[in-house]
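This briefing goes through one protein chain, from its overall build to selected residues. Please keep the sequence and the model in view while reading.

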Amino acid sequence: MGKDIELAILFADVVGSTRLYDLMGDLRARDMVAICIEVMRSATEQRQGTVIKTMGDEVMATFPTADAALNAAAQMQQQISSHAQLKVEGQPVAIRIGCHFGPVMLENRDVFGAAVHTANRMTSQAKAGQIVTTAATVDKLSPEWRASCRQIDIATLKGQGSEVVLYEVLWQTEDVTSMVP
């Protein structure tokens with residue numbers, strides 16, 4: 001029997017992986033995707049998350065808090081965008097991330113429920129290098145993370161009748177000059 005719990009669900013996937021295979025060939029592209037998956041897995045585990053599964057070029061993970069999910073998402077974006085081995089024709093490989101906080105059913109080390117589908121839809125709303133989340137997630141964030149979120153759209157998600165407010169998470173820390181007394 002499964003148990004009901006509220007978690008942050010995160011999906012992260014490599015943008016344009018089909019193009020990678022065309023450009024680089026199967027072996028090199030697979031190696032590059034494997035590096036991305038390892039970065040995503042490592043960031044998840046370092047931020048109190050659990051990798052539920054990997055599917056091709058995508059990772060699905062859960063986190064006990066919305067903050068933990070965004071900490072992992074920002075770490076994934078930073079590490080992949082700056083990784084020396086993740087460049088194709090001089091351009092960095094990119095990932096897109098979707099996240100949603102809500103009720104799920106845990107069963108046999110997997111998670112089920114509408115919240116999982118909503119998180120997955122957030123990924124399809126995200127562009128390369130972007131983290132997209134929902135108002136439900138933003139409501140659960142610390143003030144610091146909440147300040148890094150901006151509303152970008154209202155969408156009716158496929159398979160769901162109600163509208164969902166979409167937020168972009170600004171994960172790139174600007175080059176800040178700090179004054180030392």
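Helices (H or I, at least four residues) and strands (E, at least two) are taken here as DSSP runs, numbered from the N terminus. On that basis the protein chain has six helices and 10 strands. Its radius of gyration is 17 Å, close to the 16 Å given by the globule rule for 181 residues, so the chain is as compact as a globular protein of that length. The model is a predicted one.

**Overall build**

- The C-alpha trace spans about 55 × 45 × 30 Å along its principal axes.
- Of the 181 residues in the chain, 46% are buried.
- Counting contacts between residues at least 6 apart in sequence, 66% join residues at least 24 apart.
- The chain exposes about 9800 Å², and carbon and sulfur atoms supply 49% of that area.
- There are 16 positive and 21 negative side chains, and the centres of these two sets are 2 Å apart.

**Nonpolar cores**

- In soluble globular proteins, nonpolar side chains tend to be buried together.
- The largest nonpolar core in this chain holds 42 residues, and Leu20, Met40, Phe63, Met76, Val93 and Ile97 have the most contacts inside it.
- At least two residues of this core come from each of strand S1 (3-14), helix H1 (17-24), helix H2 (26-46), strand S3 (58-63), helix H3 (66-82), strand S6 (95-107) and strand S10 (163-169).
- Helix H3 gives the most to this core, with nine residues.
- Met76 touches Leu10, Ala12, Val39, Met40, Ala43, Thr44, Ile95 and Ile97, when residues up to four places away in sequence are not counted.

- Thr62 is part of strand S3.
- Buried means under 20% relative accessible area. Thr62 has a relative accessibility of 6% and therefore counts as buried.
- With neighbours within four places in sequence left aside, the contacts of Thr62 are Leu7, Ala8, Ile9, Gly49, Thr50, Ile52 and Val111.
- Ala72 belongs to helix H3, and its relative accessibility is 0%, so Ala72 counts as buried.
- Residues up to four places away in sequence aside, Ala72 touches Ala43, Thr44, Arg47 and Phe63.

**The loop between S6 and S7**

- Most residues other than glycine have a negative phi.
- Asn108 is in the loop between S6 and strand S7 (110-112). Its phi is near 50°, a positive value in a residue other than glycine.
- Exposed means over 50% relative accessible area. Asn108 is at 72% relative accessibility and therefore counts as exposed.
- Arg109 lies in the loop between S6 and S7, and its phi is positive, about 55°, although Arg109 is not a glycine.
- The relative accessibility of Arg109 is 80%, so Arg109 counts as exposed.

- Thr137 sits in helix H5 (residues 135-139).
- Thr137 has a relative accessible area of 0% and is therefore buried.
- Apart from neighbours within four places in sequence, Thr137 is in contact with Ala66, Cys99, His100 and Phe101.
- Cys149 is located in strand S9 (residues 149-156), and its 13% relative accessibility means that Cys149 counts as buried.
- Cys149 touches Val138, Leu141, Tyr167, Glu168 and Val169, not counting residues up to four places away in sequence.
- Cys149 and Thr133 are 16 residues apart along the chain, and their C-alpha atoms are separated by 8.8 Å.

Notes: Residues numbered from 1 in each chain as written. Predicted model: local features only at pLDDT ≥ 70, side-chain atom pairs only at ≥ 80, totals over all residues. Heavy atoms only, no water. Rg over C-alpha atoms; globule rule 2.2 N^0.38 Å. Buried < 20%, exposed > 50% of the residue type's maximum accessible area, 1.4 Å probe, protein only. Contact = heavy atoms within 4.5 Å. Areas by Shrake-Rupley, 256 points an atom, 1.4 Å probe, with all protein chains shown as cover. Lys, Arg positive; Asp, Glu negative; His and termini not counted. Charge placed at Lys NZ, Arg CZ, Asp CG, Glu CD. Core = buried A, V, L, I, M, F, W, Y, C linked by side-chain atoms within 4.5 Å.
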